[in-house]
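Hi everyone, thanks for making time today. I'd like to walk you through a model, starting with one residue and then moving on to an interface.

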Amino acid sequence: MRLPVETDPLLREARDLRWQLPRNFNDRLTEAIYAESARIAERTVTRQGTSRRLAFQRRVDRVLTNPWTGFPVMGLLFAIVLWLTIAGANVPSAMIADVLLDKIYPVLRAAALGTLPAWLAGLLVDGMYLATAWVISVMLPPMMIFFPAFTLLEDLGYLPRVAFNLDRLFQKVGAHGKQALTMAMGYGCNAAGVIAARVIDSPRERLIAIVTNNFALCNGRWPTQILIATIFLGAMAPASLTGVVAAGAVFAVALLGFGLSLLCSWVLSRTLLRGEASTFSLELPPYRPPNVLRTLYTSLIDRTLFVLWRAVVFALPAGAVIWLVSNLHAGDHTLAYWAVSGMNPFAVLIGLNGIILLAYIIAIPANEIVVPSVLMLTVLLTGQAGGEHAAGVMFETGDEGVRSLLTGAGWTALTGVCLMIFSLCHNPCSTTLYTIYKETRSFKWTVVSALMPTVIGVVLCALIALVWRTLA
Amino acid sequence: MSSACPPSACDTCAVPRGPAQRLGLDVGKADYVVALAGNPNTGKSTVFNRLTGLRQHTGNWPGKTIARAEGGFAYGGKRFKIVDLPGTYSLRSASPDETVAREFILFGKPDVTVVVVDANCLERNLNLALQILQITDRAVLCLNLMDEARANGVEIDARGLSRELGIPVVPCTARSGEGLPQLLAEMHAVASGAFKPSPYRLKLAVPGLREALGRVVARLRARFPGLANAEWIALRLLEGDSAVGEMVSTGTLGSLSADHASQEAAATGTTGAASKEIRA
Amino acid sequence: MKRESISSDEALAKLKLVEREAVEDVLRALLECEHRRHEATEAHLGALGGLGREEGLRALGRAKEAGLADESAQAWRLTDAGRAVAVRIMRAHRLTETQLARTTSLPAAEWHGRAHQIEHVLSDIEVDRLADALGHPRYDPHGDPIPTREGDFPAPEGQALLSWPEGRPGVIAHIEDEPPALFARLAARGIFAGMRFVRLASAANTGCVLVIEARREEMPSELAALIRARALLADEDEVPSGACRLSDIARGASAEVLALLPGCIGAERSRLLDLGFVPGSRIEHELDSPLDGPAAFRVRGTLIALRRTQAEQVLVQPEKV
């Protein structure tokens, strides 16, 4: 069927007139408006000589974008932020853990056991409370340091320079230089990294940044990496080198993550996202002295509390699930036993074990609880003594204790390596997935973000296990 | 356009000076709707936070405000709803940001549009300001980041600029709060109709354009007498804007051309909040 | 016009989908011949429609049966009904190409193929919506006029580049997008319709040497054959001497913008214009990024980074030091 010819004479005339305008009419119009802006500005603005401030900013820019000085400064700043985060978080983390786990927990437990049925007390206190307390004590301190530090760099105007320096690298894989920042933010928290992708105004590059953000190790996964690297890889080296080897291994995993994110960006931009609209624009704003107190305040409200709130919301039910699977019985055994023995054959194939897989499923809400879940399930299922705590309860113990517990359960260096790889490459936590859905409004891209790293992780682990076992 | 310098609002109306009462997100029914427009990274969000008492994150990083933020404050006995539009360089393209901003200023019928510009690069920022003045008469220019401009040795003749543009111009430093009381007073004066700006209209010096515009404008005037922004509407028609074309053929343009102040009808528009009832 | 289009629709509706597409293709090919005043021989038509000779002949036969085309003395021509169908297909094709060019990052060499698939399945309403969404563009990315809904459009202009006189400035009016491999080579060099050029003297039989928007291009004959050229219009200036691309400006040097070249399209074009890369703007090349990445330019008071491919799209006049 054919539409009637345009009937409105006014619109018809407007359309006919369009053919009489110059071909580059749109350009001419922008030019004309700019010319009038310039004329008005010329009459009303006076500049006094050359600005020392501007000259200073130019000198700073020269240093920060020079190949010989720009990259060292960038690396140094990033290292300082990470070091501040990891080193600075230990003390408050221990303090919060001391209060929440050692002081409040026994009181709560005693009170609950005295007033509630035992199963409900276990579910609420041993399950939900402990999981949430763990997440808060592990997650809150690093975020309280990382996000404000990062926000200060942002307000200063430094971050666009990082995008400028690294753009070439990202352009080669079909991405935007600003992805460097979403990744850096991802080292704090992937959900925050996904939100940060808003600054990328090109649709294709923004999706790439969102989908690949998970390859930036978030602070929920750093502790896992450090612990496992220390007790399995560090221990293989002479005692004096333990720390160096462990740190090197963690750094290698982080580097692998960076490489994988570039690789996935490259693949995505040539397959699923091929042809998607793509533009580049990057404004380098003047450096501005940040308002430190205000920055601390807003970054605390906007990022830290926001991310923490979501994590708590997801940790509560996860805690309940952990308690339930390890305490509910089906037949002669707990649900956890059945799940672990069901998954074990597959898990062993990829260098892990059933306990780790179950822990990862339970820990979908928050990566922080992987290690405690693994320990708890190991104690429960291998019947080893786990200190003074009851079975089915998350706990923490020293490196040596963990090492003997895990090797006692049949862990080898292979298990350690595969766990580190799998910790890097698996589905993002549910907080991040939810954020991805909210940002993309697309079920498809949420699923891609979940499946892509998981598949890569399984394949990598299987390959490593195969090679390792063949050589051994 | 009157050649006289627009008088300061405080000379012509009896609005009390003083701080605004911040209402945060609790807007409720508003007497006036304020649109906050401007280029990215001009401190628009800082102005917004200052006025509403909200704490939206404001990074030194263009494009922080993606979703449209709303907030409220009370001033001079009236409740203002303020809408922070996405930062854009222009209002002419079909990109989502620019469409949202353009259609809100047109269909959302704000009682006053505050154009936040960076005093350090006025020329670039006027590009957007001049486009906004094509669409609406009711505008106030907020000359932000004056502290930086002073440090950079930039001096701006605000009164001269006000004469050129035909709207009130207020030098501000939103971060420290400098100039905000005057901004509030001017916003109030324009929103209440106590001061009626007569903004500068672009000359649009493009070969063939004036003649084509003239013909379309004549037809528009014949159909919708009293249309304030006939030239801009004609330009959009020549550029092939189908949303504007539809308004012309269905006649809804007529209701937009009626005088703001006398109009009691609720605003209707394509953007979310604009379709809500905004007047008591 | 309206009556005829209905009858042609009916005639087409009787054909199978594949047959209809073939008929539509040869009709459009006929229209192109008509506009360029080519002799429309059968072999030529088959090639233009993207069909083999056999299939082209069969499609022409069907078109004749349906009253859409006529044959006289070995040359084919369109009936009025056939012309209506051809114009409609051409409109859908050129609008689709425009959309692909403006809203996707697909390489230029793929626009034609995709549009060729889409043109047959778009309904009239969908084509109108597309035109609406694109703001009723007048020319497609190859420089060809897009027919209006009513079927009006000017005839394409220009002559073969290979016959263009040396030393005379001109504008690339049209670039033929078939065969795609050759077109891709032109696109990869950043050569698009609408660019200004001057032909330089060159040895015989070696194609031609051009200066296209201040950049020297040596073009073998097979590439030059795809290009049609026209004279400058009254409101078009020659490229001034001394002009160059923004990407050629050394760090620390300044220049004034002369034009944003036609290879920069869609969202990217309006973004660059809005950022101040408009004729008359003074630009200073302030920073280079390490790794040979983007460069930062100060434009109207703001520092803006552009990638090299973007800076190549800005024609500037360097300032004398």
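Let me begin with a question: does C:Glu268 count as buried, partly exposed or exposed, and why? This is a predicted model, by the way, so please keep that in mind. The answer is partly exposed, because the relative accessibility of C:Glu268 is 21%, and buried would mean under 20%.

So where is this residue? You'll find C:Glu268 in helix H10 of chain C, which covers residues 266-274. Leaving out residues up to four places away in sequence, C:Glu268 touches C:Gln310 in its own chain, and A:Ser278, A:Thr279 and A:Phe280 in chain A. C:Gln310 is 42 residues away along the chain, with 8.8 Å between the two C-alpha atoms. As for A:Phe280, the side chain of C:Glu268 reaches its backbone nitrogen at 3.5 Å.

Now let's turn to chains A and B. Here 56 residues of chain A are in contact with 61 residues of chain B. Together they bury about 5,400 Å², with 55% of that coming from carbon and sulfur atoms.

For those of you who like charges, there are six salt bridges between chain B and chain A. One of them joins the side chains of A:Asp8 and B:Arg223, at 2.7 Å from N to O. On the chain B side, the residues that touch chain A comprise 27 nonpolar, 18 polar and 16 charged ones.

Finally, there is strand pairing across these chains: strand E1 of chain A, residues 45-47, runs antiparallel to E7(B) over three bridges. Within that pairing, look for A:Val45, which sits opposite B:Ile156.

Technical notes. Residues are numbered from 1 along each chain as its sequence is written. Chains are lettered from A and ligands numbered from 1 in the order in which they are written. This is a predicted model: local features need pLDDT of at least 70, side-chain atom pairs count only at pLDDT 80 or more; totals for chains, interfaces and linings use all residues. Side-chain values use heavy atoms; hydrogens and water are left out. Contact means heavy atoms within 4.5 Å. Buried area is the accessible area (1.4 Å probe) that two parts lose on being put together, summed over both. A salt bridge is a side-chain nitrogen of Lys or Arg within 4 Å of a carboxyl oxygen of Asp or Glu. Ala, Val, Leu, Ile, Met, Phe, Trp, Tyr, Cys and Pro count as nonpolar, Asp, Glu, Lys and Arg as charged, and the others, Gly among them, as polar. Two strands pair if DSSP finds at least two bridges between them. Helices (H or I, at least four residues) and strands (E, at least two) are DSSP runs, numbered from the N terminus. Buried means under 20% relative accessible area, exposed over 50%, partly exposed in between (1.4 Å probe, protein chains only). A polar contact is a pair of N or O atoms within 3.5 Å; within protein, one must be able to donate a hydrogen and the other to accept it, and residues adjacent in sequence count only if both atoms are side-chain atoms.
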